[in-house]
Amino acid sequence: MEPRLEQYLAEQQLSEQTLKVVPLTGDASDRRYFRVLLKDAKPVVLALHAGPIDYAAMPFVAVAKLLSEVPVPVPAILHHSDPLGVIGLEDLGDVTLQAHLGAATATEHDALYRQAVDFIARMQERGEALRSDAYPPYRIAFDVEKLTWELEFFVKHYLLAYKGAAPTETERAALREEWSAIVDELAAERRVLCHRDYHSRNLMLHGDSLYIIDFQDARMGPDTYDLASLLRDAYVDLNPQQVDGLIAFFLAHKSGDRHPADEFRRRFDLMALQRNLKALGTFGYMTTSRNNTVYIQYIPRTLAYVKANLAKYRRFARLQGLLDPWL
C-alpha cells in the first residue's frame, strides 16, 4: 500500500477496520483515487494528491460547500490530512451517467437527463443568490482571455500537434480574427455560475440520484455553457429530438428568464462550437503530450458536432473554409 495512505488510515483510526484498498481509475489530473473497503461500515474513497495540501484554501473544498448550499448533490467530504495530501470522500460507486446509459431504458435515460438539466438551472438561479467573493467561482470567469486561450489550445494541440497542420501566417491571422468574433460575443453575455466540465463522466449515479463531481474549476460564464457541455458531450450520443427537448425543458425551468427559443439556440450552438473546439485540443494534448490514446475514440463525435455547427450558420463560412483542410 502507498505509505501515505497507510499512515492516513492509521491517523483516522481506520487501519483495523480496513479490509482492502483498491486503486481506482483516476482523472486527467495528478490526483490518484483509492477505495477503502471497511468492516461494518460503508467504503470511503481517498483522493491522494501529489504532495501536501492546504485544505482550507482548496477550490474543491469551497465549491463543494457552495454546491451543497444550492443545493445539488455532491460527495460529502469526510476527513483530510494536509501534510499527507489526502482527502476522504463519500464513496459514490463506479456508475457514471455515461456508463449507465447503455443499460438504461428510454424512460430512465430521459429522466436522468432531465435531472441533470434541472441541476444546471438550479445552480444558475441559486448561484446568483449565493454570490460572494468568498467562493472562488465568483472571482474567475470565461472572459476574453480564457476563451481565446482555449481556442489557441485547439490550434496548438489538435491542428498542429495531432493533425500535423502547417497553417501559414496569413491563415493563423485569419483564425485569430475568427476566434476574436466568437470570444467577444461569448464573453459579453450575462454570466452565471458554471460547473465548467458538466458532462456524462462527471455525473455519478448513486442511489436514485445523480451526483456532481470534478467541480473544483467552477467559474462564471454564459448560461449556455454547462448545457452545451452536457448536450454536446464527446462521450455519448444524443439525437436531435433529445437535444431539442432538453433545451426546451431547460428554458421552461429558467425561473424569471424569458429566452426566445431561436435566439437561445443560436447562442447555445456558438457556445457548443467553442467548447467542442477546446475539447479537440484536450484530446490532441492527451494523445501527443501525455501519450494517452484513450481519447482518440472521442474525436469523431466531437468533430461531427463542430462540422455541424460550422455548416449551420453563414457567419462561419470563412472559419469553415479555413478549418476544413485540417479537420
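The legends below describe close-up views of a predicted model.

Local features require pLDDT of at least 70 and side-chain atom pairs pLDDT 80 or more, while totals for chains, interfaces and linings use all residues. Residues are numbered from 1 along each chain as its sequence is written, and side-chain values use heavy atoms, without hydrogens and water.

**View A. The aromatic pair of F283 and Y295 is stacked.** The ring centres are 5.7 Å apart, with 20 degrees between the planes; rings of Phe, Tyr and Trp (its six-membered ring) pair if their centres lie within 6.5 Å, and count as stacked under 30 degrees, edge-to-face over 60 and tilted otherwise. F283 belongs to helix α9 (residues 261–288), and Y295, twelve residues away, to the loop between α9 and α10 (299–312). Helices are DSSP runs (H or I, at least four residues) numbered from the N terminus. F283 counts as buried because its relative accessibility is 3%, and Y295 because its value is 13% (buried is under 20% relative accessible area, exposed over 50%, partly exposed in between; 1.4 Å probe, protein chains only).

**View B. F154, Y158, Y162 and W179 form a cluster linked by ring pairs.** The structure holds 15 aromatic pairs.

**View C. Two charged side chains lie over ring faces.** R219 lies 5.5 Å from the ring centre of F142, and K278 lies 5.4 Å from that of F153. A charge sits over a ring if NZ of Lys or CZ of Arg is within 6 Å of the ring centre and within 35 degrees of the ring normal.

Conventions: Helix = DSSP H or I, 4+ residues; strand = E, 2+ residues; numbered from the N terminus.
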